[in-house]
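Subject: Structure handover

Hello,

Here is the structure for your files. My notes on what was found follow below it.

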Amino acid sequence: MRLTLSNFSTWRPGTYDIAPVYFSTLPLQRKMLSITAGNIDRIRDALRNYYETQRAANPLSTANHYPRPSNTSSQQPPDPDPLTNQGCRDGWYILDDALSDILVRIGIGNSEFGRTAWGASIEYCRDYDPTGASGYGVAPHHAALRINRFVSLGAPAENLRTGGNPDNNIVISF
């Protein structure tokens, strides 16, 4: 007899059946979420440390103190308007992209940290301005990381310009 929701409480193994085995992937999913949170924390802390070393620059400098990759082709479709680009003035960079050297520049150097435990990319914005009140590179300087809120699906962050719904993203700003 086939096990279904309607016969769940009365089902018994037949001649060739074996008893059902209950299992849960919850402990594994929690561990993977912990790994992802650890990766995000490590990237955030390394970016903060990089920022602190750059902050000694001229206080009137309009240069942003968060790193930009040497090759910007790892950037999601560029959009300098923070109101249509989920608060990012510069563009979201894919950290585990082979063309992005952000992780190397901040001292992590391993693309493993640039993705969630489910394989989706963690994205980085070097000039985060969620209200759009500042200009490009204007202090105070903030950065952000983002992932899709459906992290366990391994889904990439969603971008309005590519037809996605940015409400499905988690943005961690600092």
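The count of disulfides comes to one, taking a disulfide as a pair of cysteine sulfur atoms within 2.5 Å. As a reminder, a disulfide is a covalent bond between the sulfur atoms of two cysteines. The partners here are C88 and C125, with their sulfur atoms 2.1 Å apart. Helices (H or I, at least four residues) and strands (E, at least two) are DSSP runs, numbered from the N terminus.

Before the rest, the basis of these notes. This is a predicted model, in which local features need pLDDT of at least 70 and side-chain atom pairs count only at pLDDT 80 or more, while totals for chains, interfaces and linings use all residues. Residues are numbered from 1 along each chain as its sequence is written, and side-chain values use heavy atoms, with hydrogens and water left out.

Salt bridges

The structure holds six salt bridges, a salt bridge being a side-chain nitrogen of Lys or Arg within 4 Å of a carboxyl oxygen of Asp or Glu. One of them joins the side chains of D129 and R89, at 3.0 Å from N to O. D129 lies in the loop between β2 and β3 and R89 in the loop between α1 and β1, so the pair ties together parts that are 40 residues apart in sequence. D129 is buried, with a relative accessible area of 7%, and R89 is buried at 13%.

Another salt bridge is formed by the side chains of R115 and D96, at 3.3 Å from N to O. This pair links distant parts of the chain, with R115 in the loop between α2 (102-105) and β2, and D96 in the loop between β1 and α2, 19 residues apart. R115 counts as partly exposed at 29% relative accessibility, whereas D96 counts as buried at 19%.

R146 also forms a salt bridge, with E123, and their closest N and O atoms are 2.7 Å apart. Here R146 is in strand β3 and E123 in strand β2, 23 residues apart, and the pair links distant parts of the chain. R146 is buried, with a relative accessible area of 1%, and E123 counts as buried at 1% relative accessibility. Salt bridges that share partners also join D41, R44 and D45 into one network.

Aromatic rings

A search of the whole structure finds five aromatic pairs. Rings of Phe, Tyr and Trp (its six-membered ring) pair if their centres lie within 6.5 Å; planes under 30 degrees apart count as stacked, over 60 as edge-to-face and the rest as tilted. The rings of Y51 and Y66 have their centres 4.8 Å apart and their planes at 20°, so this pair is stacked. Y51 lies in helix α1 and Y66 in the loop between α1 and β1, so the pair ties together parts that are 15 residues apart in sequence. Y51 is buried, with a relative accessible area of 15%, and Y66 is buried at 4%.

Y66 and F174 form an edge-to-face aromatic pair, 5.9 Å centre to centre with 80° between the planes. F174 lies in the segment after β4 (169-173) and Y66 in the loop between α1 and β1, so this pair ties together parts that are 108 residues apart in sequence. Both Y66 and F174 are buried. Ring pairs link Y51, Y66 and F174 into a cluster.

The charged end of R42 sits over the ring of F113, 4.4 Å from its centre. The rule for a charge over a ring is NZ of Lys or CZ of Arg within 6 Å of the ring centre and within 35 degrees of the ring normal.

Other points

Q86 lies in the loop between α1 and β1. Phi of Q86 is near 50°, a positive value in a residue other than glycine.

P140 is found in the loop between β2 and β3 (144-148) and counts as exposed at 53% relative accessibility.

Regards

Terms used. Buried < 20%, exposed > 50% of the residue type's maximum accessible area, 1.4 Å probe, protein only.
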